[in-house]
Structure formats: C-alpha cells, structure tokens
Amino acid sequence: MTVTLSLKRWARRSNRRRFIEAIARALPWIAAGAALVVLALQRDHLVAAVCVGVVALAAVSVLVARRLRGTWHRPPSFAKALDHRHRTADLLRTAVAIEQRGEIPDEVERVVLKRAEDLVPKIADGAVPPLRLRTSPLGLAALAVTALMFFTGIGAGEAAKPQTDALTEKARAKADEIAKALDALASDKTMSADVKEKLSKAKDALRKAATAKAGTEALAALSEASRLLDEAAPQIAANSSDEMKKLSDQQLADQLASAAAAGDSTRVSKLAHEMMNRAGGAQDGGAALGQMLKDAAAKASHPDPWGGQDASPSGERLSKLAAAGDSMKQGDMESAKSTLAGLSKGARAGTVDPRAAKLAEARRSLSDLRSATRTAMNGGSSRPMTAQEAHDAAAQAARDAASGKSPGKGDGSGNGSGAGKGMGKGMGMGMGKMPGDGAGKMPGTGQMPGMGQMPGTGQQVDGGNHLSVLQQGEAKDHGSSGTSGMKGNSPSGAQEPETVMAEEVKTDPPPGTPDGIVRAIKEHSAGEHTATAFGAIRDHYAAVAEAVMHRDEIPLTRRDFIQRYFEALRTREDP
Amino acid sequence: MNDIAVLSPTTSIDEEVLQNATASLTTVLAELGRVVLGQETLCREVMIGLLGGGNVLVEGQPGLGKTLLVRTLADAVEITASRIQFTPDLMPADITGTQVLMRDDSGRSTLEFRKGPIFANLVLADEINRATPKTQSALLEAMQEHSVTVAGARHVLEEPFCVIATQNPIETEGTYPLPEAQLDRFLLKAVVGFPTMEVLRSIGLSTTGVAQTTARRVMTKDELIAIQRLVRQIVVAPHVAEVAAQITMNTHPEHGEAPARVKKFVRFGASPRAMQALLLAGRANALLAGRAHVGTEDLVAIATPVLRHRMILGFDATLDGVTADSLVADVLATVQ
C-alpha cells in the first residue's frame, strides 16, 4: 500500500492547498457580501440583511465548490493527475488499482508495483502543486463597488442616512438638558408621587432616545416622553374644572398650595372653589381636606431656619392657606371660604406656577427636539408622503385654514385622501367673538372644511384672540372673521406636523369614524342629522380636542370655552 | 539473439524478463526497419498483430513493401512463412491442402492429406480480395481456430500462426470485398502509406544494387511464443478496461454518448471482438514500449488500426468522403 498511502498523503495536502486557494480567490466576494450585510443591518433591514447573507453565502459556496471540483483529489484521481503530469502511462493509477483490489498481486503486477514504488520518491518533491494565492479580479471589482456603496451610501435612498447615531450630537445634548430639567422638577418635594413617576419615566425615555441607534426608535422614545409629560402637566397645574375634578384630594391640596405660593390668583380661585365643593360634599365635613391643605401649605413653605415665620409674601399666603385648612378641619367652612377668597384677592393675577412653567418649557424643548428629529429622518427630501404624513399634513392645513392663515410655503402635495381625513381634525371654526363679549354664531351656517368655507360670520369686536380648536397661537388680524374652508387638496399640506399630530391623540378613534365624516357633519348642520353617526364623530372630535387642549399652545383661558363648544355639539340622544 | 531460456513458460516473470522481452522485440523491429524502409508504423502494427496472436490485414498500393515485410519478418524470427497469391480461380483446397491418392510399395492405394500453404507460422495472403468468397472463407477457420478441416479431419496449425493478408484498394474490378465476418477476424488493419522523398531515395539505392539487404534472425520461435504468452499477462487496470469498453460502445451510432458524426455516418459499430482486440493489441503495444501495464495511451495508439475495419460506414460517409479513421478519431476524443 506504499503507493496508495503516498497518494493519500499528497491528495490531502493538495486538497488543503486548493481549498485555501479557493477561499483566497473568494475572499473579495466574501468581503463584499459581508459589507452588504452590514450595510443592510445599519439600515435596520434585518430581512434584507439575512437575504443578502444567505445569497452571498450560497454564491461563495458555489464558487468555492466549482473551484474545488476539478482540483479536489482522492488517491485514484491524484494518481491520474500525476501520471498525466509525468507521462507515466497510468502506472500510478494501475498500482493503486492493484493495491486497492486487496488480492495478492501476480508476477507482472508485482513488477508494476515495484516500478510505481520506485517512481514515488522520484516525484515526491513536486507531487503536490505549490500554494498559489490569487484573488478573483471580478471579486475585487465587486468589493470595490461595495466599498464605494458602503462609504458613500450610494443607492441607499432614504435609508442612506447614517443610522449609527439616531440623534445628532446637538440633539442628544438637548435631550440630556431636558432630562436634567425633568430631574430637577422631579426633585421638587411638592410634586406628587404619580407626577414624579411620570417625570422619571419621561426622563428614561429621553435617555433611551439619546442612545437609540435608529431614527424611528429615537422618535418613538421622544413621543413616549412627550406623552408622559402631557399626562403630568395637568396634575401639576390643573386649570379646567374637569381637570380639577380628576385630581385627588391630596393633589388638589398640593396644587392649591403651589398656586398660593406662586401667587396665581386665577388658579387659587378655581382650586379653592373645587376645594370648597369637595369639602361641602365630604362626609366628615372637610376635616380631612383641611388637614391635607394645612400639610400642603406647610410643605410648600420655606420656614425660617431660626424658627421664625416666613415673612415673605409667599409665606404669608401659605400661612393664610394653612389657616383656611385649620378652619375647614374645625368645620368652619365660612371662615375657610373667607380666608381663601381673601387669598385669591391678595394674589397677583396671571402668575404661573413655576413648576408648571418649568414643565411647559421642557415640553416645548421636547417638541422642538421631536420636530428636528423628524426633519432629520426625512432628510429634507422630496420623497412622497406616507398616508399618515399626508393625514397629519392635511390636518395641519385644516388648522391653518381654520385660523385664517394663508397657505403655507411648503411643497404643496395635496395628496389625495389626506384632505378628507385631515380636515376632520382641522375642524376649525371662525369664532367671531370672544367669550365675554357674547358668543358668536355657531357653525351651521357655512360649510365644513373641504367643501368650501367655514363659517365666519361673527365679528371680532375687541381684538380678542381668534380661536380655532386646534390652532396654536393667536390670529394677528383682529376683527375679521375666521377664514377657513380648506379645499380638499390643500396646497399648504406640506408643513411638517409639529406639536399637534394625530398620533399624539391618546384616545382611540371609534372605528369607521373618518368614513363619511364630511357627509355626517354636513347633514347635521343642515338639520338632517342622524344621532348615531354624528355622535360617533363628535366623540372622536371631543377626544381629539381633549387631548389637544391639554397642550401648552392652547391658552389656559380658552380651554373652558372650547370645552363648552364641544358640549354644545352634543345631540339630544347623547348621554 | 537474446537468451530465450528466460522466457520459457515456467520462468517466473520479473523486471529482467520484461526488459529482455522488450529488448528482443525492439531488435526485431530494428531488423524490420532496416530492410523495409520508411514503414515503421506498418512494421510495428504487424509486430503487434503477431504478438497478439492475431491476423493483420494490410491495405496499400502495389510496390510498397507488403510482401517484403512478411518475408523479412520470417527471416528475423525463426518461423516458417508461406505466400498465397489469391486469384479468382484459387480454390480452398489450394490453401488448406487436399487428400491425394497415394500408392504404397505393395500397390495399395490410400488417401493421404497433403498440407497446403496455410500450414506455416506466417502466411501471406496476397491480394486476398481477388479470390472468390468461397476461397476467402476457407481462411476463416484457420484465422480464428488456428486449424483446418479437410475431408472431415481437423488439422491443427502450428503455433505461432499468423495470417497477413494484403489487399489493393485501387484495383477493385474483378475483386471480392471481404465480408464483415472475415474482416472482424483480423486483429488489425494496417494501412501502408506512401514513403517520403528521402525514404524513396533510400529504397531506390538499397534495392537496386548488387548487395541485397536482408534481415538477421534475431528471435526464435520459442521466444516468440513466450513473448506472446507474456503479452497476455500484461496488467490491465479496471479503468483501462473501462476506457476500452467505452471506446467500443462509442462506435455504435445508437449509443447515447457516441459522437455526432458516428451517429450520422456509421451503420454498424464495432463488435465485442473489437474490445478484445483493443486490450490485446494494447497489451502488445505496452510491452513493445517496455511497460508491464496497459495505459490509456496504449489504447489510443492502437485504436485506429483495431477499429477502422470494424466500423461499417453508411452511404452518406462514402458520399461525404468520411473515412473510418476520422470517425475513430472522433470516438477517441470522447474518452480523452
């Protein structure tokens, strides 16, 4: 078996070398495939990455297999190759056949074996072809193209934006800044545990956004933070009666103490009103509430380190509040009411709770950050809007139109269905008169957005704020009727949704609401309403308005008015 | 002359014996080449036919040294040779021999078999295609069985026995082409080519002088028989036998792997006897080359003379001028 053993050894060595050569030749292809996979992974295209990886692996396997097919040897084939190379006329192959036959060779066969064995040492040196490492020129070209794609991002389109850092350095710094502000706010001992928890969660969401690798992930985290802050805002400084009703007794007492400390007469008045209402309905006659109020006043005050009374105006107001709490505790509601009324008068009108102001500032910054992130994600490209974006843009356009704004400067898209759905949320109405000056005419005399013009028959008398349900800010032109009436394909629909977006509405719209919305509103305004259809629409709009009204952009003094508007829209069948 | 004792049937074969055999054959070929000028291939093919114990059909124009080759071979090897000139009136008995009435001293008559010219070691059947088929077929038994049957009595021919038949391809009028069955019994068909200018000049000079070049006897009959036996012991590996079988199969037009031209021009492919001839001639060729085993190149080297007369070509081949040799080349291309 000398010949066969030698051939086996040589075949193994040759196979190893040929395999290394094949791999070396395929290296550029492997590298190109790996680069494509990394490229796809960087763009969060996991499926594409897997597909590219599998295809690349298969292609490389085929290449290597094809390369090895003609060079992979076993002893007989290696003997054939050697016979061919050394022109030995099948001597080695015949010898292998004799040895592998397993029978005792005859005389002539022994001569053949002897000759083959004599040949083996003579050809041993050059038996195994040397290792020649060469790469495929085509593979190198493919690698070069892939490298070009990798470093320049050619052909990646929207996904070409670098995804390694979802937020820019500046954005991350801003997120950190907001998180620090929230941290400081949460450390305020007057904050309720619920608010603190929400602030903490919002802070975590910001941290998550700062470390996110994908833009969508960062944006989702920012949205979550925004939602949490939206929820926390009314708990810090509730303004409407409904909001105040939702507060717990402790929160109410805390906010009353906070408003008193800040000297916000309006809020003190409202909160005191709510407090007295609750005390009146309480079974213990308001004793518990009085104690809570007293504790809250004590917590909000800054006592003199030398043991004296806080002589500041804030301290005095809190002392009065504590006195009112005492009165309530003792069942002397009249005295408590009187003290609180005095407190309202003593405070300055319009002073804002500093905590609420800080939170509002944080929310504004967060809103800006979200907007910037979204813009960066879109890359400022003129790609076609998605259905959701068209929806948001149309809603924004409707809001603009409802507030009398001229069409925006953006690239008007007017993408199809965005008009119908958008105007539903836009639902602007030109309220001609401010509260207090007599209510203007309600909608019903004009047409809804998308169909023509919104009603605007009222007249602005005293230059009050021109109001739209979803419009932020104030109208500049006093006295004119609110021009609304978005056309279906608004040219102003390209504005980036910023602070008011459909996805921020926390209430799920009733199924099927958008369908036939214009028709239902139109019929309702013409007196042909169907309670069920309109009720569904009104509920949906009320939910939207409710969510929006909690935002800072809606003036606090107008929220009740808006609330009443939607209450007025209720049909008789509504509960 | 080499030591013939080393090649006796009882001698064990080793490297030295093989080398001696090869040397003897080389010497014989050298003697042939010295007398028959410019026909090395023909000499080698005839030698292979002789070593393989087969018969050789030599085709060539008159005057190319066919008869000289046979005579020279008989001179170089210690064997008997006879020559039969085939004519249309040649009778089988003229070849095999006949019984003649003999009268002994007592006056009693007896029939006695008188051997014909077939009873020789080397028989030259000159212009075999001029004899009638009946006469031609008288050679069949001798060629295949190495025996003749006359008047019911079988007479075994002495070994070694080899028929070397010649035929002229150009004078076909009044000839009787050999039937396929008889063609198949020739181990090889050698084609004698026209010599080159230099060879022609040498032939003219060496054959027209006073001194005639003759071959020396360099091998005995026993030595030849021993070498014939040794040829059959040459090793054929399975893969070589597979190649031989594949070559044979690919001469058949109905075989899937046969070349396109074979499918088009060949009516009938080679018989299984061709496969045997391939291996036998391959062994002889290997021994002539000094090898103890048959390689694929041995098969390739002798495939054309082995197969060219075994492939029956169709009419299209005649019209298109396609030769059997070119078709064999196509067949060989499928296995290389």
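Tutor: Before we start, a crossing is left-handed if the near helix is turned anticlockwise from the far one by less than a right angle, and right-handed if clockwise. Keep in mind too that this is a predicted model.

Student: Okay, then what is the handedness of the crossing of H1(A) and H5(A)?

Tutor: Helix H1 of chain A covers residues 2-42, and helix H5 of chain A covers residues 107-123. Their axes come within 9 Å. Going by that definition, the crossing of H1(A) and H5(A) is left-handed.

Student: And are H1(A) and H5(A) roughly parallel or roughly antiparallel to each other?

Tutor: The two axes cross at roughly 30°. Angles under 35 degrees count as roughly parallel. H1(A) and H5(A) are therefore roughly parallel.

Student: How many residues of the contact of H1(A) with H5(A) are nonpolar?

Tutor: On the H1(A) side you have Thr2(A), Val3(A), Ser6(A) and Trp10(A), and they meet Ala116(A), Glu117(A), Val120(A) and Ile123(A) in H5(A). Sort them by type and you get two polar residues and one charged. The nonpolar residues of this contact come to five.

Student: Staying in chain A, is Ser327(A) buried or exposed?

Tutor: Ser327(A) sits in helix H14 of chain A, residues 313-329. Leaving aside neighbours within four places in sequence, Ser327(A) is in contact with Asp332(A), Ser335(A) and Ala336(A). Its relative accessible area is 11%, and buried means under 20%. So Ser327(A) is buried.

Student: How many strands does chain A have?

Tutor: Chain A has 575 residues, of which 46% count as buried. Its secondary structure includes 21 helices.

Student: Which strands are at the edges of the five-stranded open sheet in chain B?

Tutor: The strand order in that sheet is S2-S5-S8-S1-S9 of chain B, with parallel pairing. An edge strand pairs on one side only. The edge strands in chain B are S2 (81-85) and S9 (188-191).

Student: Inside that sheet, which residue of S8(B) does Val56(B) stand opposite?

Tutor: Strand S1 of chain B, residues 56-59, pairs with strand S8 of chain B, residues 162-167. The two run in the parallel sense over four bridges. In S8(B), the residue opposite Val56(B) is Ile164(B).

Student: What about the hairpin: which residue in the turn between S6(B) and S7(B) has a positive phi?

Tutor: Strand S6 (147-150) and strand S7 (153-156) of chain B pair in the antiparallel sense over four bridges. Val150(B) has Ala153(B) in S7(B) as its bridge partner. Two residues lie between the strands, and the one with a positive phi of about 50° is Ala151(B).

Student: Last one: what is the relative accessibility of Thr251(B)?

Tutor: Thr251(B) is in the loop between helix H9 (238-249) and helix H10 (260-265) of chain B. Not counting residues up to four places away in sequence, Thr251(B) touches several others, including Val262(B), Leu307(B), Met311(B) and Val331(B). Thr251(B) counts as buried, with a relative accessibility of 0%.

Note on methods
Residues are numbered from 1 along each chain as its sequence is written. Chains are lettered from A and ligands numbered from 1 in the order in which they are written. This is a predicted model: local features need pLDDT of at least 70, side-chain atom pairs count only at pLDDT 80 or more; totals for chains, interfaces and linings use all residues. Side-chain values use heavy atoms; hydrogens and water are left out. Axes are lines fitted to C-alpha atoms, for helices over the stretch in contact, and angles run from 0 to 180 degrees between N-to-C directions. Angles under 35 degrees count as roughly parallel, over 145 as roughly antiparallel, 65 to 115 as roughly perpendicular and the rest as oblique. Contact means heavy atoms within 4.5 Å. Ala, Val, Leu, Ile, Met, Phe, Trp, Tyr, Cys and Pro count as nonpolar, Asp, Glu, Lys and Arg as charged, and the others, Gly among them, as polar. Two strands pair if DSSP finds at least two bridges between them. Buried means under 20% relative accessible area, exposed over 50%, partly exposed in between (1.4 Å probe, protein chains only).
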